[in-house]
Amino acid sequence: MGEVIVITSGKGGVGKTTTSANLGTGFALQGKKVVLVDADIGLRNLDVVMGLENRIVYDLVDVTDGNCRLKQALIRDKRYESLYLLPAAQTRDKNAVTPEQMKQLCDELKQDFDFVIIDCPAGIEQGFKNAIAGADRAIIVTTPEVSAVRDADRIIGLLESEGKHNPKLIVNRIRPRMVKKGDMMSIDDIIEILAIDLLGIIPEDDYIVVSTNRGEPAVVNPISQASTAYKNIVRRLMGENIPLMIIEDNTSFFNKLKKIFNL
Amino acid sequence: MLELIQKLFGKDSNSSKDIAKERLRLVLVHDRVNVSPQLMETLKDDMFKAISNYMDINEKCMEVNLTHTESSVTLVANIPVTSMKRGAMSKR
């Protein structure tokens with residue numbers, strides 16, 4: 001029996017889809033059988049981030065409406081063994097699915113997969129309620145900004161009222177140079193305000209843009225900082241005790257060299 | 001002079017992250033208590049009614065606010081009393 005994890009945030013654009021794609025791929029790299037579920041019905045994006053947009057035949061709503069069997073809608077990622085995607089419908093809206101249907105879908109997927117990762121849409125309406133319905137645990141993604149942290153706080157409250165306790169936090173797009181200068185809230189500042197457990201931190205990394213351009217999750221690139229951060233989170237979710245990575249800005253010899261030569 | 005140098009090197013004592021933190025804290029107090037302006041008005045009305053049984057107060061000058069301290073939320077009411085009601089004590 002697998003575990004259903006929902007990736008949520010409240011605010012849009014903080015990195016839910018990127019996080020879903022990287023954690024899912026990370027689990028697959030660890031040999032786990034994973035399915036990524038895009039719950040953002042009407043605004044699907046996980047397919048393009050994963051580079052699987054050309055392979056969609058059926059989607060989530062086709063499954064819940066009974067137009068196809070669940071197995072027919074699952075897209076197998078050929079690059080990574082044991083990684084699958086269940087895409088969102090693009091031509092329907094959030095009300096096309098009910099929380100009960102989502103719960104049923106998650107229960108079914110759990111039978112077959114080690115991890116079911118649900119990419120939640122932004123907002124707190126129907127789409128959010130659908131996405132969290134079948135989740136065993138929740139991961140909240142935020143960035144070190146007032147608006148994102150505020151929305152994260154709201155989501156924590158809403159998860160609590162839906163009986164989803166102890167969500168874990170990922171702080172995304174940390175810029176160490178700005179934190180050092182006192183111009184960006186630090187991890188400690190954010191944890192102090194939200195008072196929840198930290199699951200991991202992801203540094204701001206240009207490579208995320210490159211990987212999204214290519215449709216290849218960053219986690220497969222061995223030299224990207226964000227990749228290491230995502231790998232650490234995957235291992236923590238699998239029960240390992242991995243210390244938080246120390247994000248240093250341009251301190252490695254290689255980076256200094258790059259800076260000198262203005263590369 | 002030192003201040004200028006510190007500013008040049010970005011060591012502003014009033015760093016923007018402290019501003020962010022303080023603003024967040026304030027906004028979250030209100031978000032978390034989930035108090036709409038209407039709710040505050042209803043509370044004010046109820047308080048006015050209850051207190052009016054014992055003393056005359058000026059509703060217009062009545063101030064009821066939620067304020068936050070380091071770790072808690074406090075309801076602060078500032079209610080000017082015009083006079084005590086004579087009957088109030090003997091009723092008990």
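View 1. A:Arg173 is buried, with 21 other C-beta atoms within 10 Å. Buried means 20 or more other C-beta atoms within 10 Å of a residue's own; exposed means 12 or fewer, partly exposed in between, with C-beta atoms placed from the backbone. A:Arg173 lies in strand β7 of chain A. Its phi is positive, about 60°, although A:Arg173 is not a glycine. Most residues other than glycine have a negative phi. The model is predicted: local features need pLDDT of at least 70, side-chain atom pairs count only at pLDDT 80 or more, and totals for chains, interfaces and linings use all residues. Residues are numbered from 1 along each chain as its sequence is written, while chains are lettered from A and ligands numbered from 1 in the order in which they are written.

**View 2. Strand β7(A) and its partners, β6(A) and β8(A)**. Helices (H or I, at least four residues) and strands (E, at least two) are DSSP runs, numbered from the N terminus. Six of the seven residues of β7(A), residues 168–174, are buried, so the strand is largely enclosed by the rest of the structure. Strands pair if DSSP finds at least two bridges between them. Four bridges join β7(A) to β6(A), residues 137–142, and the two run parallel. Here A:Ile140 has A:Leu169 as its bridge partner. The chain passes from β6(A) through α7(A) to β7(A) in a right-handed β-α-β crossover. Right-handed means that, with the strands pointing away from the viewer, the path from the first strand over the helix to the second runs clockwise. β8(A), residues 197–203, is joined to β7(A) by five bridges, again parallel. A:Ile170 has A:Gly200 as its bridge partner in β8(A).

**View 3. A:Asn166, in the loop between α7 and β7 of chain A**. A:Asn166 is exposed, with 11 other C-beta atoms within 10 Å. Its phi is positive, near 50°, in a residue other than glycine.

**View 4. Helix α1(A), residues 16–29**. The end C-alpha atoms of α1(A) are 20 Å apart, which agrees with the 20 Å that its 14 residues should span at 1.5 Å a residue. The expected span is 1.5 Å times one less than the number of residues. 13 of the 14 residues are buried, so α1(A) is largely enclosed by the rest of the structure. A:Gly31, with a positive phi near 85°, follows the helix.

**View 5. The contact between chains A and B**. Twelve residues of chain A and twelve residues of chain B take part. Contact means C-beta atoms, placed from the backbone, within 7 Å. On the chain A side, α7 (146–161) and α9 (187–194) are the elements that give two or more residues. The largest share, five residues, comes from α7(A).

Technical notes. Contact = placed C-beta atoms within 7 Å.
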